[in-house]
Amino acid sequence: MANTYDFGLVGLGVMGRNFILNVADNGFTAYGNDLDEEKVNALIEEGGDANKVNATSDVATFVQGLSTPRKIMLLVPAGKVVDIVIDGLLPHLDKGDIIIDGGNSFFTDTDRREAYLQEKGINFFGAGVSGGAKGARKGPSIMPGGSRDAYQHVKPIFEAVSAKYKGEPCVAYLGPKSAGNYVKMVHNGIEYGLMQLTSEIYDLLKKAGGLTNEELHETYASWNAGRLQSFLVEITSEIFEQKDDLGDGHLVDKILDKAKQKGTGKWTSQNAMDLGIPVPTIDVAVSMREISALKEERVKADEIYDRPTPETVVKGSLTAKAEQALYFAFIITYAQGMHQLADASKEYGYELELGEIAKIWRAGCIIRAALLADITEAFKANVGLQNLLLSPSFVDKVQETVGAARELVAYGATNGIPLPGLSNALTYFDAYTSSRLPLNLIQAQRDYFGSHTYERLDKKGIFHTEWDE
């Protein structure tokens, strides 16, 4: 069996098992490793042919069974587990072998691991994988970054197993160091924003329009057949159809309104603040998950404070405006994420091509959407585009839909329906497109109490005023 298998994978949970079976389906032999014998046996049983896909719980046997240079992917939880697995593999590896972290590792951890392994002659790169369990099995979007030379050994496998958009593989080498993990982090931040927006519009349609679950299903399904076509809108339409198998009615109405998180949205938000890049729609999406966790406090507060009874709106008119507002907010969320990627590329030396990133997100990943084809073209037309809102191809799209966003944000505020994602998207747009903001007053205040100085519109230089004299 020595030097038999083309590709190795550590971590045979649902994602790992599905990914390795995908590799085997696409003409490459694959060898899995997991400490859990049940997971090892599950893969062997599902794989069927040990010559194509096999597994073991023994690390030495696993490494010896791979062709050189060994290509080993890790699909294990981010954090210390990744370091433990790497240290377990190292005694059995040879110089030139390749380790690929396919999890949601924080990008600075990837940089640290790459430097550590480089000293030992081992190639390392991070490769974000998006698409969930189904994507891993049928074709995910893959975001690799690290050694360009090492990637060439894995490229044929990744291109074969990735999702395809009009025949093109949804994978591309993104850049050096932790570029892949960073892009996946921002991908997840955008995902947070889009999920928050779809849930807000659902809340609005239900409370203001009185739409039933069947009507909500039909509404989201019709949107998915148009310009809002996307994975998240598609699954949202399907969620409203699901009946409760443990009781009466629809399942969505029985699910507790507390959303959990694994941290990637928070990392995106925190790093954007470090870079000085505004991503308020993503920021508030993270905050709303934190507010949702305060369920008991929210119930008490609801009993204390009065809330307006929402004015009923004609369903047809409401759904039309909701479609426009959601489309507007989707554009803004993508714009914020791409802006962050552009700045991070300069700051960290990633050399990212934003058009290429949008291109590999068009299929396979959680944030795949028809809109990404337009975003791809916008960044291809202008490689140095600073912000999607500055693209001529997006001006009409925004102008035609921002009015509906204004109406719904005003309606939500008047009628006590929280729309923080939509509100922040609108505020970001209004601020970004304002040539004059009231921050001159803030600079005056800072200079008044802290002598922090200010600049002027009419003269060059740095100024300070003794305000209280």
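## Salt bridges

In this predicted model, Asp 458 and Arg 456 meet through their side chains in a salt bridge, with 2.8 Å from N to O. Asp 458 is exposed, at a relative accessible area of 53%, whereas Arg 456 is partly exposed, at 37%. The count of salt bridges comes to 20.

Another pair joins Glu 215 and Lys 315, whose closest N and O atoms are 3.0 Å apart. Because Glu 215 lies in helix H9 (residues 213-224) and Lys 315 in helix H14, this pair ties together parts that are 100 residues apart in sequence. By contrast, Asp 109 and Arg 112 both lie in helix H5 (residues 107-118), three residues apart, or about one turn of the helix, and their salt bridge has its closest N and O atoms 3.6 Å apart. Asp 109 and Arg 112 are also linked with Asp 83, Asp 101 and Arg 113 in a network of salt bridges.

## Nonpolar cores

The largest nonpolar core has 86 residues, and Leu 341, Trp 361 and Ile 375 have the most contacts inside it. Helix H14 (residues 315-348) gives the most to this core, with 16 residues. Domain 1 (7-173) and domain 2 (184-433) both contribute residues, so this core lies between them. Apart from it lies another core of 31 residues, including Ile 20 and Phe 158.

## Surface patch

On the surface, Leu 437, Leu 439 and Ile 442 form a nonpolar patch with about 240 Å² of accessible area together. Leu 437 is found in the loop between helix H19 (420-432) and helix H20 (439-450), and is partly exposed, with a relative accessible area of 37%.

Definitions and conventions: Residues are numbered from 1 along each chain as its sequence is written. This is a predicted model: local features need pLDDT of at least 70, side-chain atom pairs count only at pLDDT 80 or more; totals for chains, interfaces and linings use all residues. Side-chain values use heavy atoms; hydrogens and water are left out. A nonpolar core is a set of buried Ala, Val, Leu, Ile, Met, Phe, Trp, Tyr and Cys residues joined through side-chain atoms within 4.5 Å. Buried means under 20% relative accessible area, exposed over 50%, partly exposed in between (1.4 Å probe, protein chains only). Helices (H or I, at least four residues) and strands (E, at least two) are DSSP runs, numbered from the N terminus. Domain bounds come from an automatic or database domain assignment. Patches are made of residues with over 30% relative accessible area and no salt bridge: like charges are joined within 9 Å, nonpolar side chains (Val, Leu, Ile, Met, Phe, Trp, Tyr) within 5 Å. Accessible areas come from the Shrake-Rupley method with a 1.4 Å probe; for residues, only the protein chains shown count as cover. A salt bridge is a side-chain nitrogen of Lys or Arg within 4 Å of a carboxyl oxygen of Asp or Glu.
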